[in-house]
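Open your viewer and get your selection tool ready.

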Amino acid sequence: MVSGLVIALVAAIGTAIYLAEASPSVRLDGRTQSASAPGAVRAAAASRKSAASWIAAQVGHSVIVACDPAMCAALQQAGFPAADVSTIGASSADPMGSGIVVSTMAVRDQLGSRLTSVYAPIVLASFGKGQDLVQVLATAPDGAAAYRAAEQSDVQLRQAAGRQLLRNHNIRASGSAAAALAAGQVDSRLLITLAALAHGYQVGVLWFSDAGPAASPEVPLRAMAIRSANSRYLRSVLSFLHAQQAPYLALTYITRSGSSTIVHVQFTAPSPPGLLTKT
Amino acid sequence: MSGIHVMTRGARMMSAVLTAAAATSIGLLALTAPAASASTSSQDGWIQLAHLSPNTPAVDVYLYSFGDSKAQQVIQHVTYGTVSAFEALPAGDYTVAMRAAGAPSSSKPVLSTAVDILAGHAYTVAGMGPASGLRLQVIPDTLTPPAGKVLVRVIQASLQQDSVTVTAGGSHLATNLKFASVTSYHTMNPGTLTVRATGGSESTSSTIALAAGTTHTLVVLDDPGKLSIDDLLDGAGSVAATGGVQTGLGGTAARPGASVRPWVAVSLAGLAFAGGGVVLVSRRRRPALHARRQVTSV
């Protein structure tokens, strides 16, 4: 008797989940679109989930993220603070006021080509493809043209700073790390931190990384890996890094590679422009 | 390691007296020592550091060069109202970090900002805002006024008065200027003007001499229970009055934009102030660390 009830309950829940996932997608204006195949729905849900996980881990929690209702729900489920989520509804004219906008099919339908041509031109990360494509975009408060001009200027300043760091005798950069420094690909916060670290320590930079999957080429690398010489060095460097305040407070963690200890230093997205402003 | 050492209040008072007394001899030296600028190169820029956050305790400020791990500049025990003398630095990027005053240089600093020093340019890096939101702001300094003119700007560093209006003679230099903000430069005619700063509940006025070819920054400060105005002489051959900066010839070393002609003017000014200067300067709450001019309350 009891087992029969359990089976019935499981079947009912399973049916409910199937119906929920297979239900027609809903536009932000409330109208429905053609019903999607269950596989496509699952793919869209997977893209949303991947994007939500990436945002929760990589985006600063003081950044406002604009998204459609389903994406916003996924974000909160992934642990992103509800207070930092702004829902794009049918009456939303634009995503301005947020630092990040998550481009899903519903949002693209709502905002059209202006989404990337005006409001949010830079792709920080991309998940899925076709209709299931979910892109994490950085918004441009003063418009796309101003954003690109500021970004171009920032690249030049990062190049200049990176090349100076390459002359610093306390910095030993691998080939790829040196190339990234010289090309201006490294986030300003990492450059500024490196300059201070190199005053007190020999810093062996193994690599820079973390521009996000399928990010725009101009998105700076926000993470670096440095080799730790010994446990005393490790404690000292971590102590320095943990003493910092925003915007220079980074996430740090340690991995081992053979006999080497590697310190990973990672800043949140999006990279704030203007920290190396030419005065 | 080179260091910029800011003096304690007592030392500053003594130094102010000595400076005024020595003004004549410094001026005479300057007439025969224009080579003071030899200590800087054409690849240098200049920087001065200021503490303009009323409720922030004293800090030590460090500059780390991006390109040279051995190059470090330190300004020690910077208290509210302190402005260092200009220091010549090789052009390039620097990270600015702060430690609590007196903390060992090996202790953890907190990064604050970065500054890109261009050759031939000068900058003020000022701790601005309340202690809870302290930031180091990089303010470019203009050192070459139009011929026969004076450049004047205002920094509002009073927390007691949220905003102030500053007038000089009949000109408005700042209207309802918010705390922790700075105006652009105003071009003015030379002369001796009464400068008035008016906040919501307090006001103060001072008489300031604006010589042709000089650049001034007027800083509105909290003096316990009242406002005060500090006049910083930024450029065009102003004299680094005191400050103990390692500039080769002490207070007579070159400042941004320095040339022989202004040193002659300074020597003459030194003669003029030699008598009354002692009294005027020693009355000041924060005697000259920088190229502060004597300000007479009216």
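Axes here are lines fitted to C-alpha atoms, for helices over the stretch in contact, and angles run from 0 to 180 degrees between N-to-C directions. Helices (H or I, at least four residues) and strands (E, at least two) are DSSP runs, numbered from the N terminus. This is a predicted model: local features need pLDDT of at least 70, side-chain atom pairs count only at pLDDT 80 or more, and totals for chains, interfaces and linings use all residues. Residues are numbered from 1 along each chain as its sequence is written, while chains are lettered from A and ligands numbered from 1 in the order in which they are written.

First, select helices H6 (residues 144–167) and H7 (residues 175–182) of chain A: their axes come within 7 Å and cross at roughly 140°. Show A:Gln159, A:Gly162, A:Arg163, A:Leu165 and A:Leu166 on H6(A), then A:Ala178, A:Leu181 and A:Ala182 on H7(A); these make the contact (C-beta atoms, placed from the backbone, within 7 Å).

Next, colour chain A by domain: domain 1 is 40–138 and domain 2 is 151–266, with bounds from an automatic or database domain assignment. Their centres, taken over C-alpha atoms, are 28 Å apart. Domain 1 of chain A brings eight residues to the contact and domain 2 six. Pick out strand E4 (residues 122–127) of chain A, which gives the most to the domain 1 side, with six residues.

Finally, move to chain B and centre on B:Val166. Beyond its neighbours within four places in sequence, B:Val166 is in contact with residues including B:Val154, B:Leu173, B:Leu218 and B:Val220.

Definitions and conventions. Contact = placed C-beta atoms within 7 Å.
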